[in-house]
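Grab a pencil and have a look at the model below. Try each exercise yourself before you read its solution.

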Amino acid sequence: MAFLEDTQTVVDAAARIAKIPADILARLQTPDHVYAFDLAITGDGGTEKKFPAWRVQHNNALGPYKGGIRFHPDSNLDEVQALASLMTWKTSVVGLPYGGAKGAVVVDPRALSLRELEALSRAYAQAITPHIGPQADIPAPDVGTNSQILDWMADEYGKITGRWDPAAFTGKSVEKGGSRGREVATGFGGYIILREFLQLGSEASKLEAPLPSVVIQGFGNVGAHIARILFENGFRIVAISDSRGALYEPAGIDIPRVLEVKARTGIIDRGTCFALSPHAPPCRTFTNAQLLELPADILIPAALEDVITQENAPKIRANIILEMANGPVAHEADEILARRGIEVIPDILANSGGVVGSYFEWVQSLENKYWSEAEVLQRTDEKLTAAFAAVAAEKEARGTTWRMACYIRALTRVAEGMKRV
């Protein structure tokens, strides 16, 4: 519930500054549609398995609903509602012709066989098919889902509707009409936003020259890609983590080596030395909670929401926080960080590269014309650079935080769209 309340609190504050009419704000605090399902599949042992699931459509004033589907054992309706509203603000702040939605199934996908996972994916697609479509609601991957799962869902949607329509889902495999560059888009977008932020110069003097130090919590798709991109662009990655814990090496971690080992073993192998220096001892191990408090120029939470809280915010030692997860900084923590002069680049801007990539996949599917990865990333760079400039201008004009500037811009655009309807 705290995640949903935090999101609504920020929206309320931004609405007051932007002078959003009370009737429009009331509508923005309530999703347009909430669909709840109990999905049933036959398990490998022959017994029936049931899974609670949802699809929440928040607002479509600027275009079709857009948002991912997560498979996670701790998902709940409040979380899905909060994430759906974040998608409304995210698509608005970067200027996409979309609204916001989100879906979830309460399941640990790692506990299912491949056959069971496919059955569950198809069951979810069957449940949401009456409510989605290329001009209505376009789902995508999220935590616990991937291109294979979206391929199954798109296939099931086609069976039900009677025709294959690649624009109905994004995040598909390239072979099924997906976009080159889509998998890397979120991490790449985070790098673009950080690059633009640092070029403003407000924080550059505080960074360690010539190699700014970075701590990354979460080494899934988003965390791994941004780690690689930052490493290639001269940043020093000093700590990384996955669900099993964190590794720390102040002199820098060899990210290509980590990625090579993970691709081969499926994990960040604690027995392998990933230090850049050939004479360094094995990286020190920490918990995920301890990782957040390590000294660094830049801290990147790239896992789940509410990891920086009122309790640990006073202990954060980074100068900049780049929110690559959704809602990783609780509202009370945000206020503490602001008082301490720690700049927070909010999720709805920082991790918006994923939905920008999804938008380009949707456009390509509609036109049946596909681009190279270089072209997709160039277009993503241009889109996010323009969005950052608009937010920076809003922040300068209002004299507020980055988060508030993002929400003011997003709310204003959605409110104007609602007036036109």
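Predicted model: local features only at pLDDT ≥ 70, side-chain atom pairs only at ≥ 80, totals over all residues.

Residues are numbered from 1 along each chain as its sequence is written, and side-chain values use heavy atoms, with hydrogens and water left out.

**Exercise 1.** Work out the strand order of the open sheet and find its edge strands.

Solution. 
- Step 1: Strands are DSSP runs of E with at least two residues, helices are runs of H or I with at least four, and both are numbered from the N terminus. Two strands pair if DSSP finds at least two bridges between them.
- Step 2: β9 (284-286) and β12 (343-345) each pair on one side only, which makes them the edge strands.
- Step 3: Zoom in on β10 (residues 296-301) and β11 (residues 318-322): they run parallel and are joined by three bridges. Alanine 296 has alanine 318 in β11 as its bridge partner.

**Exercise 2.** Is aspartate 306 buried, partly exposed or exposed, and what about asparagine 368?

Solution. 
- Step 1: Learn the scale: buried is under 20% relative accessible area, exposed is over 50%, and partly exposed is in between (1.4 Å probe, protein chains only).
- Step 2: Aspartate 306 sits in the loop between β10 and β11. Its relative accessible area is 26%, so aspartate 306 is partly exposed.
- Step 3: Asparagine 368 sits in the loop between α12 (353-367) and α13 (373-398). Its relative accessibility is 63%, so asparagine 368 counts as exposed.

**Exercise 3.** Which kind of aromatic pair do tyrosine 157 and phenylalanine 169 form, and which kind do tyrosine 359 and phenylalanine 360 form?

Solution. 
- Step 1: Rings of Phe, Tyr and Trp (its six-membered ring) pair if their centres lie within 6.5 Å; planes under 30 degrees apart are stacked, over 60 edge-to-face, and the rest tilted.
- Step 2: Tyrosine 157 and phenylalanine 169 are 5.9 Å apart centre to centre with 80° between the planes, so the pair is edge-to-face. Both residues are buried.
- Step 3: Tyrosine 359 and phenylalanine 360 come out at 5.4 Å and 50°, so their pair is tilted. Phenylalanine 360 is buried, at 7% relative accessibility.
- Step 4: Tyr359 and Phe360 also belong to one aromatic cluster with Tyr98, Trp362 and Trp371.
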